[in-house]
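Have the view open beside the text and follow along.

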Amino acid sequence: MIDETFDAIVVGAGMSGNACALTLAQRGLKVLQLERGEYAGSKNVQGAILYADMLEKLVPDFREDAPLERHVLEQRFWMMDDTSHMGMHYRSDDFNEARPNRYTIIRAQFDKWLSRKAQEAGVTLLCETTATELIQDAYGRVIGVRTDRTGGIVHADVVVLAEGVNGLLGSRAGLRAVPKAEQVALAVKEMHFLPSETIDARFNLKENEGVVIEAAGTLSKGMTGMAFLYTNKESISVGLGCLVSDFRDGQETPYGLLEAFKRHPSIAPLLAGSEVKEYAAHLIPEGGYRAVPQLYGDGWLVVGDAAQFNNAIHREGSNLAMTTGRLAAEAIFQIKSRREPCTKANLALYKTMVEESFVMKDLKKYKDMPALLHTQSRNFFLTYPELMSKAAQNFLRVDGTPKIDKEKATWRSFVQRRSWPGLIGDAFRLARAWR
Amino acid sequence: MSTPRVEEKLFQNRYLVDAGRPHIRVAAHTAPSANLLAMTRLCPAGCYGLNDAGQVEVVPDGCFECGTCRVLCEPSGEIEWNYPRGGFGVLFKFG
């Protein structure tokens, strides 16, 4: 369909694909980008939080025209049981800065904008084009991509797989495994629309200020999972995700859990009277450091969610995607500048760059957290939230019981549910995995 | 407040269905595996169901292309999973 050979083909137009394509084009390389959807963003789902620092490296003046919703003024971490929440909130006027650090965004709109920047920089974007297969030569080198368009083979010196957590090309070509049920979470999400003044009033906000709520506890019924609520300008994104392996072994439906979360007495008043305009689902990479696959080979690189680049503890994914997409582009540019081929040996530069960045350092820091949380999900997501809630209620309820007896009852409840070795072991294991 | 059926939730979404070309197919089977059976509960779009013979069937018109069923059932060959042809499938307005 296109006879010319490109310097690079980027498969996918999400965060990592757009970051990669844009950077390649900014460096003067000839880039073809393939996207299944009718426009960049139409297949993409995220909560979504945007991290300014990583976008500034791509589009320094993005605040002038990017479709941003609200900058995040306040973060609420909630531990919930069925009738209560206890939380750590951080709200600071320092976040009302000239160049805020975090924003809520709506991915379909944001991705379309970032893709336009890439096209303005010279990227050729083919939408409504599903990449179906990597083309390899007799030596196994990737030399192009087959698409579902008529005669749809395109060639390039290097193919960047920015195909997302559920990318088919890399796994079909045997470059990495299909994610295992223990390595991905299934998240469902709804968009609830309300007038912006209503959102301002409910969350104590002024114009463009936003709140993020991230919650864990009995809402996931003992599964490894969490829920979120993000304020956009005129809408609220509310969602919930749990490990696929936990969902498989349990009794819950994803939409049933979401409905229960929305009905929770701490959440329902925030959503009251809203109009739901979309219901979506997506997988989230949760395997962490130990699930990161081979990142490069002869003629190919993998970036973003497809490479499991997601920091589940800090709930950061899009910034890792943007960063790895950009680093892939910079590695390719360096190789091209030396007029060298995109061999496996040369593309190892990409892995070095990723390892030197915050991406791999952060994943490495938490390399043992997935194993801990995934195997002890009932303790961390059900037992402790219930115990903490009861402890707080016992502490606050004034009923004539002497305080010394209240404290003893609280300690007894912890020891009865988890035992002394269990409590000490959990604390030790958590501290070690966090370190 | 009763829980709305998943079909009602999908009503808000935009789709361009590639009629006659389902992008997910279930392989013929007599009794479903535990993973395949779990999809009747797990699929966030409710695409999987049981027929009268106790076999699992899929109608992927409301599919989000999330890949949950691929993760659970493709390695064993119980389902065949492809993305819809370019432009078809779910069309997120907000994502």
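A:Arg315 is partly exposed, because 14 other C-beta atoms lie within 10 Å of its own. On this scale a residue is buried with 20 or more other C-beta atoms within 10 Å, exposed with 12 or fewer, and partly exposed in between, the C-beta atoms being placed from the backbone. You will find A:Arg315 in the loop between β17 (300–302) and α9 of chain A. Its phi is near 50 degrees, a positive value in a residue other than glycine.

A word on what you are looking at: this is a predicted model, in which local features need pLDDT of at least 70, side-chain atom pairs count only at pLDDT 80 or more, and totals for chains, interfaces and linings use all residues. Residues are numbered from 1 along each chain as its sequence is written, while chains are lettered from A and ligands numbered from 1 in the order in which they are written.

Is A:Asn204 buried or exposed? A:Asn204 counts as exposed, because it has 11 C-beta neighbours inside 10 Å.

A:Ala121 belongs to the loop between α3 (107–120) and β7 (124–126) of chain A. With 18 C-beta neighbours inside 10 Å, A:Ala121 counts as partly exposed. Leaving aside residues up to four places away in sequence, A:Ala121 touches A:Leu22, A:Ala25 and A:Gln26; here two residues are in contact if their C-beta atoms, placed from the backbone, lie within 7 Å. The C-alpha atoms of A:Ala121 and A:Asp200 are separated by 37 Å, and the two residues are 79 residues apart along the chain.

Another loop, between β2 (31–34) and β3 (49–51) of chain A, holds A:Ala48. The peptide bond leading from A:Gly47 to A:Ala48 is cis, with omega near 20 degrees.

**A helix pair in chain A**

Two packed helices are described by the angle between their axes and the distance between the axes. Helix α9 (residues 318–337) of chain A packs against helix α10 (residues 344–356) of chain A at an angle of about 145 degrees, with their axes 9 Å apart. The axes are lines fitted to C-alpha atoms, for helices over the stretch in contact, and angles run from 0 to 180 degrees between N-to-C directions. Which residues of α9(A) and α10(A) meet? From α9(A) they include A:Leu327, A:Ala331 and A:Ile335, and from α10(A) they include A:Leu347, A:Tyr350 and A:Val354. By class, this contact of α9(A) with α10(A) has nine nonpolar, three polar and one charged residues. Ala, Val, Leu, Ile, Met, Phe, Trp, Tyr, Cys and Pro count as nonpolar, Asp, Glu, Lys and Arg as charged, and the others, Gly among them, as polar.

**Domains of chain A**

Chain A is divided into domain 1 (5–67 + 106–177 + 293–366), domain 2 (182–285) and domain 3 (370–434), with bounds from an automatic or database domain assignment. The C-alpha centres of domain 2 and domain 3 of chain A lie 26 Å apart. Between them, 11 residues of domain 2 of chain A are in contact with eight residues of domain 3 of chain A. The domain 2 side of this contact divides into three nonpolar, six polar and two charged residues.

**The two chains**

Helices (H or I, at least four residues) and strands (E, at least two) are DSSP runs, numbered from the N terminus.

| Chain | Helices and strands | C-alpha box along the principal axes | Buried residues |
|---|---|---|---|
| Chain B | three helices, six strands | roughly 40 × 40 × 20 Å | 42% of 95 residues |

Read along the sequence, chain B follows the pattern α-β-β-α-β-β-α-β-β. The radius of gyration of chain B is 14 Å, close to the 12 Å that the globule rule gives for 95 residues, so chain B is as compact as a globular protein of that length. The radius is taken over C-alpha atoms, and the globule rule is 2.2 Å times the number of residues to the power 0.38.

Where the chains meet, 32 residues of chain B are in contact with 42 residues of chain A. On the chain B side, α1 (6–10), α2 (34–42) and α3 (68–73) each supply at least two residues. By class, that side has 16 nonpolar, nine polar and seven charged residues.
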